[in-house]
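Let's take a walk through this structure together. Keep the picture open as you read.

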Amino acid sequence: MIRFATIVPVLRVADVERCMNWYREILGFSIDPFPDVVPFDFCILRRDDAELMLRRTRTPVVRTPASHDWDVYLRLEGGDLTTLLDHARRKTPLVRGPELMPYGQVEFELEDPEGHRICVAEVLADATGFPPAVD
């Protein structure tokens with residue numbers, strides 16, 4: 001039987017260096033760029049068991065308000081959403097949230113420097129103080 005070990009999202013970006021630094025500073029990912037010198041063509045981002053890749057594209061990725069669905073959904077565990085939320089909102093604007101979703105997750109959204117929408121979510125033991133999501 002074939003067993004998949006991991007599925008890793010790959011985001012196309014124009015500037016790998018700028019984006020990898022954003023993911024390191026805002027979300028705490030470690031970075032592993034390639035090649036070893038600028039301009040980077042590729043970068044593997046890692047944090048805990050999560051992995052994300054950035055790949056340089058020469059063709060601009062056009063992002064429009066209508067295309068602002070999630071590109072990455074980061075589900076946390078361990079009760080650390082509030083800590084990450086406090087850190088992130090000091091460094092970058094939140095696009096949405098935080099809010100308590102009907103399915104039990106507390107979610108907030110960020111955009112990376114190239115407009116990729118990142119949703120960060122966790123089921124918290126105590127979601128008191130988070131407003132309910134409004135349709």
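How many nonpolar, polar and charged residues are there in the lining of the largest pocket? Sorted by class, that lining has 11 nonpolar, 2 polar and 7 charged residues. Bear in mind that what you're looking at is a predicted model.

Let's stay with that pocket for a moment. Its volume comes to about 620 Å³, and 20 residues line it. If you want to find its centre, look for Arg-47, Asp-48, Ala-50, Arg-75 and Leu-76, which lie nearest to it. Strand S4 (50-56), strand S5 (72-75) and helix H2 are the elements that each give two or more residues to the lining. S5 gives the most, with 4 residues.

H2 turns up again in a helix pair. In general, two packed helices are described by the angle between their axes and the distance between the axes. Here, helix H1 (residues 16-27) packs with helix H2 (residues 81-91) at an angle of about 130 degrees, and the axes are 8 Å apart. With that angle, H1 counts as oblique to H2. On the H1 side, Glu-25, Ile-26 and Leu-27 make the contact, while H2 brings in Leu-84, His-87, Ala-88 and Lys-91. By class, that's 4 nonpolar, 1 polar and 2 charged residues.

Now follow the chain on to a hairpin. Strand S6 (residues 96-100) pairs with strand S7 (residues 106-111) in the antiparallel sense, over 3 bridges. Leu-100 stands opposite Val-106 in S7. Between the two strands of the hairpin there are 5 residues, and Gly-104 takes a positive phi near 100 degrees.

Technical notes. Residues numbered from 1 in each chain as written. Predicted model: local features only at pLDDT ≥ 70, side-chain atom pairs only at ≥ 80, totals over all residues. Heavy atoms only, no water. Axes fitted to C-alpha atoms, helices over the stretch in contact; angles between N-to-C directions. Parallel < 35°, antiparallel > 145°, perpendicular 65-115°, else oblique. Contact = heavy atoms within 4.5 Å. Nonpolar A, V, L, I, M, F, W, Y, C, P; charged D, E, K, R; others polar. 1 Å grid on protein atoms, 1.4 Å probe; cavity = no way out; pocket = protein on both sides within 12 Å on 5 of 7 lines; lining within 4 Å. Points joined across faces, edges and corners; volume = space filled by probe spheres on them. Pairing = 2+ DSSP bridges.
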